[in-house]
Amino acid sequence: MVAVAVAAAVGVLLLAGAGGAAGDEAREAAAVRARGAPGPCADFPCAWSAPLATKPGLGRRRAARVLRVRGSTGVAAAAGLHRYLRDFCGCHVAWSGSQLRLPRPLPAVPGELTEATPNRYRYYQNVCTQSYSFVWWDWARWEQEIDWMALNGINLALAWSGQEAIWQRVYLTLGLTQAEINEFFTGPAFLAWGRMGNLHTWDDGHGPRKVLPAFAGHVPEAVTRVFPQVNVTKMGSWGHFNCSYSCSFLLAPEDPIFPIIGSLFLRELVKEFGTDHIYGADTFNEMQPPSSEPSYLAAATTAVYEAMIAVDTEAVWLLQGWLFQHQPQFWGPAQIRAVLGAVPRGRLLVLDLFAESQPVYTRTASFQGQPFIWCMLHNFGGNHGLFGALEAVNGGPEAARLFPNSTMVGTGMAPEGISQNEVVYSLMAELGWRKDPVPDLAAWVTNFAARRYGVSHPDAGAAWRLLLQSVYNCSGEACRGHNRSPLVRRPSLQMNTSVWYNRSSVFEAWRLLLTSAPSLAASSAFRYDLLDLTRQAVQELVSLYYEEARSAYLSKELTSLLRAGGILAYELLPALDELLASDSRFLLGRWLEQARAVAVSEAEADFYEQNSRYQLTLWGPEGNILDYANKQLAGLVANYYTPRWRLFLEALADSVAQGIPFQQHQFDKNVFQLEQAFVLSKQRYPSQPRGDTVDLAKKIFLKYYPRWVAGSW
């Protein structure tokens, strides 16, 4: 919808649009190649006519300028339009709200600008994004995302939604009952891990090329009832789940039923959705294979691939390289060679999923010659929290491209959850179209802020430069976009409050952004960023007050403990919840309302809401992956994080008052009751914002910033 609206506003003509004929696209690609663009593996994005022409046949008052964007594909043309809007019009397209104020008249382009990407693929999504971010989306939200993908030049993306309907057909055909199938599938907020074989049962035109799922070998236990002689291996548990919800059954690669199930599924899937001949499958994602023998690993890999080509002889397998990074002690050189060598070279496309921090291509000789996509993972669990490794991201693709005998064929964005830290994704999307790194990141983030807010402001630019050199400048292998702040963790006396940056930079950026509020407050994106930065400052304050409370407990100073704990749990966290409630993008009620909206009955709505609450908090029935998908949302802070902190600080105070040690084990048992009560609660939360973000942020600032400057807590 964004692309359509902008196209209408500027009178754009997409000469090679999504609905164009293949012959037209081929001719357009040839024309761009003739102008000296790189070889045939690239999408050749755009060329603009300049100056903008006056459309003939119109009266003087009605004369219209027409921007002509040519591209080898519709995605390339959309990316060309986005480049014009970004660089010539100062516009910004974002998850949190796009800034599309077009200058009048439209700026002319000096001469014809041609740009070609060195990357055959610009990939997007993580298997987990389907659950952490997309799970409750309706079609209107998907349209926005597809527009965002097209404008950013994404030409390869997962299309895994709805596959359970296909699996249902396959398993019914094989003789399983509907009850057995229902028991096998996970709840909707956990489908991603059911699809990868980690879990079962738990809570119960020319657009981008789509990656369809394929059969990886995981089957319901009920298959053993239908086929008593089937050769299956019960895998180990995953994620601290017991075998009631984990320990999937893996079909032996040599079993004759393997190609039957694989072909049945893929044939039904292609019949339903068509195909772009790229299929995703992960047999051993975060699960240790039953054997480390290279012969077994090669056979298991071959079985998956042969099930693909039995249906589609042009099949290319998209494999997450995460398994090699996640369990390096298992995946030695021989084991990696066995997997990578079992598929013909060029028919396996590997995602180097966490390459900005822990690249795998450097220790696998560029994946043994198989093509790979350099990916930025960045975010785990869809957490809130300012985080990025922009220097590493900026230089990473070029380093991979220049690696000896590199087989890199693209770049990718693979976050587990989206709608956070948009500056990181804006940079990564741009790098998908650049041959070289951005030469000056400080200037780049300054321009990013100006585009995002629709106007340049010196204080806003200075704030972003401070963030660049602090929260967005994480380096080293330990960097992960997973928020481990004490604010969103179950409290204990062993919590780590260290950060990789100087907190002073965050507080000074906060001051500068607030200073620019009178000029920028009309911008929705500015209000989002001001809230997000204030949220980050409160997160820092929680760590500082926690450290003071812990020190007071250890030195048995009850008055100091009560003072620090009282501010943290009875002033700071309520102020944060009130701030979050001022923006619809930070509302628990909105998230739960989306979950309920996709249900077809009240009982199903209750189930979906509970599913969503579990994901945000306990994750499993016993807190199996506790707080992994933590968010800072109004309602969640008030009714989940705050009660935990109050219980913890009261327990510390009681321990000091009574002269007995704090018992963490007993506290964990007690706090679990609070956590579980939140998950099972049916309390409704507002889905509309209340309060003014700027006023509330200023109120928190005026109360706590002077304390920070004075160093008095």
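User: Which residues touch the most other members in the largest nonpolar core?

Analyst: This is a predicted model. In it, Trp 193, Trp 619 and Trp 645 touch the most other members of that core, which has 228 residues. Helix H21 (residues 524-554) supplies the largest share, 15 residues.

User: Which domains does this core draw at least three residues from?

Analyst: Domain 1 (160-439) and domain 2 (523-710) each give at least three residues to the core.

User: And what is Trp 193 in contact with, leaving aside neighbours within four places in sequence?

Analyst: Its contacts are Cys 128, Ser 131, Tyr 132, Asn 198, Leu 199, Trp 238 and Trp 619.

User: Changing topic, how many salt bridges does the count come to?

Analyst: The count is 32. One of them pairs Arg 644 with Glu 675, with the closest N and O atoms 2.9 Å apart. Arg 644 is in helix H25 (residues 636-658) and Glu 675 is in helix H26 (residues 664-680), so the bridge ties together parts 31 residues apart in sequence.

User: Is Arg 644 buried or exposed?

Analyst: Arg 644 is buried, at 1% relative accessibility. Glu 675 is buried too, at 0%.

User: Which residues do salt bridges with shared partners join into one network?

Analyst: That network holds Arg 596, Glu 602, Asp 606, Glu 609, Arg 613, Lys 682 and Arg 684.

User: What does Glu 272 form a salt bridge with?

Analyst: Glu 272 pairs with Arg 169, and their closest N and O atoms are 2.7 Å apart. Glu 272 is partly exposed, with a relative accessible area of 41%, and Arg 169 is partly exposed at 33%.

Terms used. Residues are numbered from 1 along each chain as its sequence is written. This is a predicted model: local features need pLDDT of at least 70, side-chain atom pairs count only at pLDDT 80 or more; totals for chains, interfaces and linings use all residues. Side-chain values use heavy atoms; hydrogens and water are left out. A nonpolar core is a set of buried Ala, Val, Leu, Ile, Met, Phe, Trp, Tyr and Cys residues joined through side-chain atoms within 4.5 Å. Buried means under 20% relative accessible area, exposed over 50%, partly exposed in between (1.4 Å probe, protein chains only). Helices (H or I, at least four residues) and strands (E, at least two) are DSSP runs, numbered from the N terminus. Domain bounds come from an automatic or database domain assignment. Contact means heavy atoms within 4.5 Å. A salt bridge is a side-chain nitrogen of Lys or Arg within 4 Å of a carboxyl oxygen of Asp or Glu.
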